[in-house]
Amino acid sequence: MLNLEDAVIRNGVFTVTADFVIDSGAKIAVIGPSGAGKTTLIEAIAGFRPLERGRILWDGRDITHDAPGARPVAMLFQDGNLFPHLSVEQNAGLGLRPDLRLTSEQKKRVHTALARVGLQGLEERKPGALSGGQQSRAALARVLLQDRPLLLLDEPFAALGPALKAEMLDLVAALAQETGATLMMISHDPDDARRIADLAILVAEGVAHPPQPTADLLDTPPPALRAYLGAG
Ligand SMILES: Nc1ncnc2c1ncn2[C@@H]1O[C@H](COP(=O)(O)OP(=O)(O)OP(=O)(O)O)[C@@H](O)[C@H]1O
């Protein structure tokens, strides 16, 4: 369970407040107008941005001051953060050990993860020799190997075409289901939110609101969201 307790997060002159609980295993979309603070919120949970006030708890443990690497969090970025000079296998292996000194058991785990995301046979390729979708899969394999209970995604598949994006979203949802991970995903596309997230956090006008059913929020959006969605 993730608990943001009376949290205030600052980004320059901008602040966003958050006071809510997310149950373990939930799949949550983070939606709201551009510049509303979605990335700011995710960065604070990941530990890249300190809280000005309040606390972040994971399963009751206060992680407010933990370094990013010490948090129960894995993050998937839009560009996948792949290293161009490393092979797919090595890029994925970084999820287990940053120095890549993997035991044979760990190498097996890397191969299993790559197979799970559909990259079997491409282990030796460099990211430059992969399609956009395959690069996303490699980044996803690394996140999978990090084996953290909270997965944060900041518009990870925005650069992919609609069919490929849907396929990747389904893969992420399936992996989260298999591992029991809690998912928080920033998305600008309401269809993405509907596709994999039962619940959504609306970030608007300086507030990250508690999760509510995605369908309710999108079907009857409050004014701040309605303007952004272009629905009126
Ligand atoms: N380095 C900075 N200095 C000052 N203000 C910043 C800085 N970076 C971001 N901001 C402000 O913080 C606010 C929140 O930004 P954030 O990136 O979290 O929004 P977002 O909801 O993720 O936006 P988008 O959907 O456009 O990615 C914005 O209004 C932005 O202008």
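Among contacts in the protein chain between residues at least 6 apart in sequence, 65% join residues at least 24 apart. The model is predicted, and its secondary structure comes to eight helices and 11 strands. The radius of gyration of the protein chain is 18 Å, in agreement with the value near 17 Å that a compact globule of 232 residues would have. Taken along the principal axes, the box filled by the C-alpha atoms is roughly 50 × 40 × 30 Å. Of the 232 residues, 37% count as buried.

In soluble globular proteins, nonpolar side chains tend to be buried together. In the present model, the largest nonpolar core has 63 residues, and those with the most contacts inside it are I28, V30, L41, A141 and A200. Helix α4 (residues 132-146) supplies the largest share of this core, namely seven residues. When residues up to four places away in sequence are not counted, I28 touches I22, L183, M184, A197, L199, A200, I201 and P211. Three of these partners, L199, A200 and I201, lie within strand β9 (residues 199-204).

Strand β9 is largely enclosed by the rest of the structure, because six of its six residues are buried. Its side chains are divided between two directions: L199, I201 and V203 point one way, whereas A200, L202 and A204 point the other way. Residues of both sets are buried.

The pairing of β9 involves several strands. Strand β3 (residues 27-31) runs parallel to β9 and is joined to it by four bridges; within this pair, V30 stands opposite I201. Strand β11 (residues 212-213) pairs with β9 in the antiparallel sense over two bridges, and Q212 of β11 is the bridge partner of A200. An antiparallel pairing over two bridges also links β9 to strand β10 (residues 207-208), where A208 is the bridge partner of V203. The hairpin of β9 and β10 has two residues between the strands, and E205 takes a positive phi near 50° in this hairpin.

The ligand is surrounded by N11, G12, F14, G32, S34, G35, A36, G37, K38, T39, T40 and V203. This shell divides into three nonpolar, eight polar and one charged residue. With three residues, helix α1 (residues 38-46) gives the most to the shell.

Within α1, the buried residues are K38, T40, L41, I42, A44 and I45. An α-helix has 3.6 residues a turn, so residues three or four places apart point the same way. Just after α1, G47 takes a positive phi of about 95°.

A further position was examined in helix α5 (residues 162-179), where Q177 has its place. Q177 counts as partly exposed because it has 13 C-beta neighbours inside 10 Å, whereas a buried residue requires 20 or more. Q177 and G206 are separated by 29 residues in sequence and, from C-alpha to C-alpha, by 31 Å in space.

Key
Residues are numbered from 1 along each chain as its sequence is written. This is a predicted model: local features need pLDDT of at least 70, side-chain atom pairs count only at pLDDT 80 or more; totals for chains, interfaces and linings use all residues. A residue is near a molecule or strand if its C-beta atom, placed from the backbone, lies within 6 Å of it. Ala, Val, Leu, Ile, Met, Phe, Trp, Tyr, Cys and Pro count as nonpolar, Asp, Glu, Lys and Arg as charged, and the others, Gly among them, as polar. A nonpolar core is a set of buried Ala, Val, Leu, Ile, Met, Phe, Trp, Tyr and Cys residues joined through C-beta atoms within 7 Å. A residue is buried if 20 or more other C-beta atoms lie within 10 Å of its own, exposed if 12 or fewer, and partly exposed in between; C-beta atoms are placed from the backbone. Two residues are in contact if their C-beta atoms, placed from the backbone, lie within 7 Å. The radius of gyration is taken over C-alpha atoms; the globule rule is 2.2 Å times the number of residues to the power 0.38. Two strands pair if DSSP finds at least two bridges between them.
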